[in-house]
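Here is a short briefing for a first look at this protein. Start with the sequence and the model below.

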Amino acid sequence: RTHFLSLSLQAKMSRPVQARRLEGIDKNIWVDFVKLAATYAKVNLGQGFPDFPPPDFLKEAFVRSLSGQNHMLHQYTRAFGHPPLVKILAQFFGKLLGRDLDPMTDVMVTVGAYQALFCCFQAFVDEGDEVIIIEPFFDCYEPMVKMAGGTPVFVPLRPKAPKDGKLMSSADWQLDPAELTSKFSKRTKAIVLNSPNNPLGKVFSRGELELIADLCVKHDVLCISDEVYEWLVYDGKEHVRIASLPGMWDRTVIIGSAGKTFSATGWKVGWTVGPSRLLQHLHTVHQNSVYHCATVAQEVVAQGFQRELELYGKPESYFIQLPKELQQKRDWLVQSLDAVGMKPIVPEGTYFLVADISEFKSDVPDVPNSDEPYDSRFAKWMVKNKGLAAIPLSAFYSGPHKNNYNHFIRFCFAKEDATLKAANDILQKWKREKSSP
Ligand code: PMP
């Protein structure tokens with residue numbers, strides 16, 4: 001017993017254990033909000049995932065692949081992507097981009113888009129390099145740049161007031177060209193583009209992308225193009241791939257996600273598409289960290305893309321059907337929020353919608369000089385008191401900018417109609433209580 005005690009005392013270390021690269025990035029809002037939702041939410045429109053199943057053809061392919069004759073699907077596969085998956089991705093994206101892609105060098109499969117992003121920052125960003133990030137942004141970009149030793153440089157989308165009586169659209173949030181231009185310098189290594197954008201649902205127009213592309217070419221900057229919501233575009237809007245603009249293929253890595261594409265976020269299959277000159281360095285990060293992603297999941301995603309290639313542009317295509325269904329859900333949530341006075345910003349894409357909570361401030365009074373942005377306290381209060389989970393917009397801003405737009409919350413509408421109806425019931429009841437004190 002004495003021996004055991006002395007060993008456990010010895011095990012306590014007095015030197016600092018945390019690597020310097022982790023300083024200041026240990027907080028993660030998802031940990032807090034996922035826990036709050038799990039504890040209190042009756043209706044969870046917080047984190048971005050569907051509560052409906054992936055399409056039957058994909059679930060059936062999974063079962064077939066798991067229980068079929070090819071037991072090698074339970075073993076390791078090629079590190080940079082299961083051959084059937086990289087082949088079909090090369091074919092599919094080759095068609096979209098109008099160029100021949102080599103499946104072995106121009107495509108790499110990752111553990112979700114998340115690991116694709118991590119590979120990009122580790123592969124391209126050095127100490128002292130600057131990376132331009134457009135606010136509001138998917139929150140992991142900032143810590144990932146910092147972990148690589150880089151400096152994030154933020155440029156905001158600025159809202160313009162909508163025309164009288166109209167709801168605001170995500171298209172009303174725009175970059176100021178002069179401000180964007182001023183962020184590019186000799187130190188700029190890369191810009192992260194996320195179109196369609198999480199959290200606003202903004203789909204960057206061709207003109208906006210041309211401005212970004214011109215600056216990238218002029219300053220010899222890389223573009224990390226997070227296109228995980230590429231199929232979720234509404235009202236006949238076009239998703240323009242920045243890699244297809246002049247001078248951009250050679251400097252762009254396209255990032256995609258089967259989780260978002262096929263409504264199967266738990267499978268964690270993602271990919272990168274780009275020139276081998278760039279992807280070879282992603283290989284280096286990938287082979288020295290994750291090595292590869294689950295073989296069966298890759299096999300099934302390959303079958304999903306095979307089907308989609310055959311049905312491309314046809315009404316039966318999942319890439320046509322999913323946005324059609326989601327557009328209806330979006331319209332429904334827009335109406336529901338508008339009716340209670342939580343002004344929605346109508347998204348052109350993604351399955352997120354940001355709404356203005358100003359009219360609800362009387363229920364959750366502001367605390368002057370609080371460290372925590374108002375929207376974050378509001379979202380916590382809402383899930384605890386109303387059972388409805390959403391994510392504060394400030395979570396998508398960098399530290400010093402968290403109070404710039406702090407009276408908005410983000411809802412995810414990739415949900416069963418019953419879930420959206422339950423959210424509507426909560427909002428309606430809340431509204432009634434407000435008007436009859
Ligand atoms: N990029 C964006 C913009 C996202 O919203 C997400 C998921 N919320 C990801 C990347 C990560 O995708 P995956 O689940 O495939 O890792």
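pLDDT is the predictor's confidence in each residue, from 0 to 100. Helices (H or I, at least four residues) and strands (E, at least two) are DSSP runs, numbered from the N terminus. This is a predicted model, in which local features need pLDDT of at least 70, side-chain atom pairs count only at pLDDT 80 or more, and totals for chains, interfaces and linings use all residues. Residues are numbered from 1 along each chain as its sequence is written, and side-chain values use heavy atoms, with hydrogens and water left out.

**Confidence**

- The protein has an average pLDDT of 95, and 97% of its residues score at least 70.
- Confidence is highest in strand β8 (residues 222-226), at 99.
- It is lowest in helix α1 (residues 2-11), where the mean is 61.
- Where pLDDT is low, the predicted coordinates should not be read in detail.

**Largest pocket**

- A pocket is an open set of points on a 1 Å grid over the protein atoms alone, where a 1.4 Å probe fits, with protein on both sides within 12 Å along at least five of seven lines.
- Lining residues have an atom within 4 Å of a point.
- A volume is the space filled by probe spheres set on the points, which are joined across faces, edges and corners.
- The largest pocket has a volume of about 740 Å³.
- Its lining counts 27 residues, and Lys 27, Asn 28, Ile 29, Ala 395 and Lys 402 lie nearest the centre.
- Two or more lining residues come from each of α2 (29-40), α6 (141-147) and α13 (374-386).
- Helix α6 gives the most, with 5 residues.
- The lining holds 13 nonpolar, 5 polar and 9 charged residues. Here Ala, Val, Leu, Ile, Met, Phe, Trp, Tyr, Cys and Pro count as nonpolar, Asp, Glu, Lys and Arg as charged, and the others, Gly among them, as polar.
- Domain 1 (27-54 + 318-435) and domain 2 (56-311) both give residues to this lining, so the largest pocket lies between them. The domain bounds come from an automatic or database domain assignment.

**Second largest pocket**

- The second largest pocket has a volume of about 530 Å³.
- It is lined by 25 residues, with Gly 48, Tyr 114, Phe 138, Lys 260 and Lys 268 closest to its centre.
- Both α5 (112-124) and α9 (258-261) give two or more residues to the lining.
- The largest share, 4 residues, comes from α5.
- By type, the lining has 11 nonpolar, 9 polar and 5 charged residues.
- The second largest pocket also lies between domain 1 and domain 2, because both give residues to its lining.

**Backbone features**

- Most residues other than glycine have a negative phi, and most peptide bonds are trans.
- Glu 135 and Pro 136 are joined by a cis peptide bond, with omega about -5°. Pro 136 sits in the loop between β3 (130-135) and α6.
- Ser 195 and Pro 196 are also joined by a cis peptide bond, with omega about -10°. Pro 196 is in the loop between β7 (188-194) and α8 (206-218).
- Ser 263 is not a glycine, yet has a positive phi of about 55°. Its loop runs between α9 and β10 (269-273).
- Ser 263 is buried (under 20% relative accessible area; exposed is over 50%, partly exposed in between; 1.4 Å probe, protein chains only), at 6%.
- Lys 268 has a positive phi, near 55°, and is found in the loop between α9 and β10. Lys 268 is partly exposed, at 36%.
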